[in-house]
Every structure is written in structure tokens, then in C-alpha cells.
Amino acid sequence: MKIEIKKGKPAEYPAEAIVLTRFEDSEAPAGATRFLGATIGALIDDVVKNGDFQGKLYQTAVLYTRDPIPARRVILAGLGPKKDLDMEKLRGAYAGAARQARALGLKEITLFLDVHDTGQTIRQMTEAALEGAILGIYQFTPYKTLEREKIKIIERITVVDDKDDALKEIRAAAKTAEVVAHAVYFARDLVSTPGNDMTPSDMAQAARRIAERKRVSVKVLDVAQMKKLGMHALLGVARGSDEPAKFIILEYRGAKRGESPIVLVGKGLTFDSGGISIKPSENMEEMKSDMAGGAAVMGAIMAAADLQLPLNVVGLVPATENLPGGNALKPGDILKSFSGQTIEVVNTDAEGRLILADALTYAQRFQPAAVIDLATLTGACKIALGDHVIGMLGNDGSLKEKIRTAGERTGERVWELPLWEDYHELIKSDVADFKNTGGRAGGVITAAAFLSKFVGACPWVHLDIAGPAWLAKDKPYAPKGATGIGVRLLVQCLRDWKRDAAPA
Ligand code: BES
Ligand code: MN
Ligand code: ZN
């Protein structure tokens, strides 16, 4: 898809469809009159007066313009009450308009952003609108072979404005939105791709493509190298599968060599059957998404490089399948982790924390300024928080605050759960240093308590994305299925890293 910025007045621009937003409580004559002239203004007023469109949030309406302006259609997108507007709603509103255009079979849409009275900058609004529109029309179609000609695709999104100063901001915002949305698409594609085509080796191959960028390098450890290092927690999980495990190390160097990196760690379970503690078969196919944390980390590195952020960032993705093969881990097995600490495997389905344990230990090599891990770690998190929020636990207040702020800005919000000492009791083992589950109660917390044993003293935050990584139903700008959650959160966090609280 192409993003184009054009200088011009919306009333003179020959678009297939021009998107105009409207608040629920805006008064007639609408702002549209100012941009599209009195005739179109009256047309819109008519639609409103007839009750067909009130400007309710995510509501859309299509108008056919006839003569007064060259644009053939106006797509109205409702923003809800003016006082409630935020960038999250704007993303959703533009996603709705873009989906509407796609449903009509249009190949392009044109946006004109009316900042008047919104209290927002043109830059923020453009970024949110484009991001929302692009993310909203994501579709995963490579495996559809029948009637491919019926797949509707928006090929171009154009933003028009006639003011030079605004155009400068719009260009900058469009560039950022395009990079970020591309990274989210990348993550969604990886997660949507079935386990037979997204093995650990396939993930490693995707990482190698990311490393074709300037300042990005990649290293992939194979099983022999992991054995040599002593990553037996990760290798333990991999034992039940014939697919060789991979440990992916992506490094982006945007700052000087000596500067401590931010290390991102993503769970890369390319398929989680549960292993010997096998999962029920209902919905098990969704467990191809158990590498969503790894995909988000890879997407974030990709965007950091494309935005040339002035930071050093490392991405670590331990990648394996969790299958019940003849050589698989058994409940009761004890593993010696890369850290040297021993783990009693009580439940082979609590495999994410095992592979993350070794990755978090590996992270310490970089003397990181901070470590952030993302993982579809616990069903308990999905049960506790649903699919609207990421569970956050960690040991560093200022890192948590950074992530919280990035969450509010991107709509990829986080909610903190406590990591108190009391919970650490639950993962003590009678025979080893720790056991890999603490029982059903407080499952999100005991999982994080387990991870904390492998982070040393460095600032660390764990993000449990089990809820929002995969959707059973569409959201305003995330079609059902893979969301790519975490990419925008991480990228925003990195963009703001060296800034004070000033919005990016
Ligand atoms: N990948 C799952 C967690 C998960 C479940 C993510 C549902 C998304 C949707 C993880 O490996 C897992 O199986 N966790 C177990 C842990 C338990 C055995 C302590 C769980 O949540 O049941
Ligand atoms: Mn599992
Ligand atoms: Zn898992």
C-alpha cells in the first residue's frame, strides 16, 4: 500500500472518496462546509437531519457528491462527542472509514484532517489517522487460493492539505505511521502464519531479513551452540519436537558503541501443544500465536532501525515448538538452566517461562539499561484481564512508568499486577531451586515471579500479552486474529526513551 501526500484543497481534489470526520455534537452547518463548500455542507446536514448519521463514534456514512466537487464520494466518519476525543478513537474512526471504502471496492481513499478545535496537532492527528486506517484494513490472505480476484484491497491512501506548514508535519507523521504500521503488519503476518510454515527456522529467516537494514545485525544460535552454553531450560522444551530450536539475537546500533542497550526479549513458541501436559484440542490451533512476543520484538527492532532511533536495542527471541514427542520433557524432570539454577518441571505446558529464563540470563551479557520481555505467557492473564490490556509486572518503577505512558499514547495499554515476595513462596520446589508452576491461583504473578529469578538486578519489566495478542472478534482497528500487540508499545517507548515526558 502506498501513502501519498498531496498539496491541494479538498474541495478541488479528484478523489474516489474523501474521508471527513464529524463529532456527534457538532452544529450545523458542519465544518465540512468550510472545506467542501455549501452544497456538500447542506448534503451532510441532510443526512444528519434525516437521522441516518449522527457522528457517533465509529459510525460511517457514504455520500455521493455529484457536481460541486471533483471527489466522487464523501465518507463520513463519526468521532463521538468532541470532549471525549483521543487518538485511540481517531485511529478507530479512520479504520472504520477505510474498511467502508474497501467494502465498496475502492482502491484508494483520500484523507483531509480537520484539526480545528480538537486541541491536537496536525502531526499527532495524521499519525493516528494513518496508523488506524492502515491497521484497520489488514488482511491475511496468502493461503487463500480460490476467487482471489474477489479480495478487495485499498492500494493507496492520500492525505491532502493546502498549507505548506501543515504539509511538512503531515509528511513527517506519514513516514512514522508507515514505518510503524509496516512493523505491525510484519508481526501480524508472522503470528497468522501457521506453525508448519513458521517454525523456529522460519522465524530465524525472518530475522535475517530484518538484519538487511543498516546498523542491524543478526546472530542465530543453533542447538549445538545452545548446548555448549548450557541453555538446558530452553533445550528441555525443544526436546519433544523434531524442529530444531533457534535462539535469535538481533542487534540494532543507533547510538555509540559503549552505550548500554535496551534488551527486548520475546517468547517464540512457534506452536504450543502443551507437551506431555497436553492442552485440550478445542482452540489449540490458536497456539500458533504463542510466538507473538517474539514477533513483536522483531517488529520493534525493524521499526527502530527504520526510524533510525538514537538508541542501542537488542532483540532476543528464543524459538521452539512445544510438542509431546518420545524424547519430550516429562513432569518431574529437573533442568539446569543457563543461569545455573535448577528447575523442576511440574507442568510441561508452563514452557514459556523455561525458554524465557535462559533468554533473560543471556540478556545480562549486554549489561542492559533495561530488559523488557513480552510473552503470551499465561491463560490466567487472559482470564484476569481479558483482551483489552497487557499484564505488567516488574522490578523498576521508572521503567514501568515509561511503559505505562507509551501504553496510553498507543492504546496498547498495560495494567500492573503486584510482584510481592509472598508469591515467590509458591514456586519453591522440594527437590530443585524452583518449580515451573505455582498452581492456578495468581498464575500471572507466579509466572512473573519465576522470571524474576533470571533477571539479576537490572531494571526489568515483564509484559504478559496472552489476552490481546489474538482476538476472537474484530476491534476498531484490529481485525480478529493476530493483533501485532506490543510493536507500537515498544516503538513508542523507544521513541520517548531519551525525551522527557514530551509527546513524540
Ligand atoms: N501459551 C500458553 C498461555 C496462553 C494460553 C496464551 C491461552 C494465550 C492463550 C502458556 O504456555 C501456557 O500454557 N500456560 C499455562 C501455564 C500453567 C500450566 C501454569 C496456562 O496458562 O494454562
Ligand atoms: Mn504452554
Ligand atoms: Zn505457551
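**Notes on the model**

1. I begin with the cysteines. Cys458 counts as buried because its relative accessibility is 11%, where buried means under 20% relative accessible area, exposed means over 50% and partly exposed lies in between, for a 1.4 Å probe and protein chains only. Cys493 is likewise buried, with a relative accessible area of 4%. A search of the whole structure returns zero disulfides, a disulfide being a pair of cysteine sulfur atoms within 2.5 Å. Cys458 has as its nearest cysteine sulfur that of Cys493, 14 Å away, and is in no disulfide.

2. On the basis of the coordinates: this is a predicted model, in which local features need pLDDT of at least 70 and side-chain atom pairs count only at pLDDT 80 or more, whereas totals for chains, interfaces and linings use all residues. Residues are numbered from 1 along each chain as its sequence is written, chains are lettered from A and ligands numbered from 1 in the order in which they are written, and side-chain values use heavy atoms, with hydrogens and water left out.

3. The manganese ion (ligand 2) is coordinated by Asp272 (OD), Asp349 (O), Asp349 (OD) and Glu351 (OE) at 2.1 to 2.2 Å; donors here are N, O and S atoms within 2.8 Å of the metal (3.2 Å for Na, K and Ca), and since water is not among the atoms, sites may look incomplete. The angles subtended by the six donor atoms around this manganese ion run from 70 to 167°, which makes the arrangement irregular. For reference, four donors count as tetrahedral if all angles lie between 85 and 135 degrees, while four count as square planar and six as octahedral if opposite donors are over 155 degrees apart and all others between 65 and 115, anything else being irregular. Along the sequence, the donor residues of the manganese ion follow the spacing D-x76-D-x1-E.

4. The zinc ion (ligand 3) has Lys267 (NZ), Asp272 (OD), Asp290 (OD) and Glu351 (OE) as its protein donors, at 2.0 to 2.4 Å. The site of the zinc ion is octahedral, with angles of 79 to 176° among its six donor atoms, and its donor residues are spaced K-x4-D-x17-D-x60-E in sequence.

5. Which residue bridges the manganese ion (ligand 2) and the zinc ion (ligand 3)? Asp272 does so, and the two ions lie 3.1 Å apart. Distant parts of the chain are linked here, with Asp272 in strand 10 (residues 268-272) and Glu351, 79 residues away, in the loop between strand 13 (342-344) and helix 9 (352-363); helices (H or I, at least four residues) and strands (E, at least two) are DSSP runs, numbered from the N terminus. Asp272 counts as buried at 2% relative accessibility, and Glu351 counts as buried at 1%.

6. Turning to the sheet, six strands form an open, mixed arrangement in the order 1-6-5-2-4-3, two strands being paired if DSSP finds at least two bridges between them. Its edge strands, each pairing on one side only, are strand 1 (2-7) and strand 3 (60-64). Strand 3 runs antiparallel to strand 4 (residues 73-80), joined to it by five bridges, and Thr60 stands opposite Ala77 in strand 4.

7. Helix 1 (residues 32-49) packs on this sheet, touching strand 2 (18-23), strand 3 and strand 4, and its direction makes about 65° with that of strand 2. Contact means heavy atoms within 4.5 Å, and axes are lines fitted to C-alpha atoms, for helices over the stretch in contact, with angles running from 0 to 180 degrees between N-to-C directions. Helix 3 (residues 122-136) lies across strand 1, strand 5 (108-111) and strand 6 (156-161), at about 160° to strand 6.

8. Within strand 2, where Thr21 is found, that residue is partly exposed, with a relative accessible area of 22%. Thr21 touches Ala77, Leu79 and Tyr94, not counting residues up to four places away in sequence.

9. Finally, helix 13 (residues 443-452) is mostly covered, 10 of its 10 residues being buried; among them are Val444, Ile445, Phe450 and Leu451.
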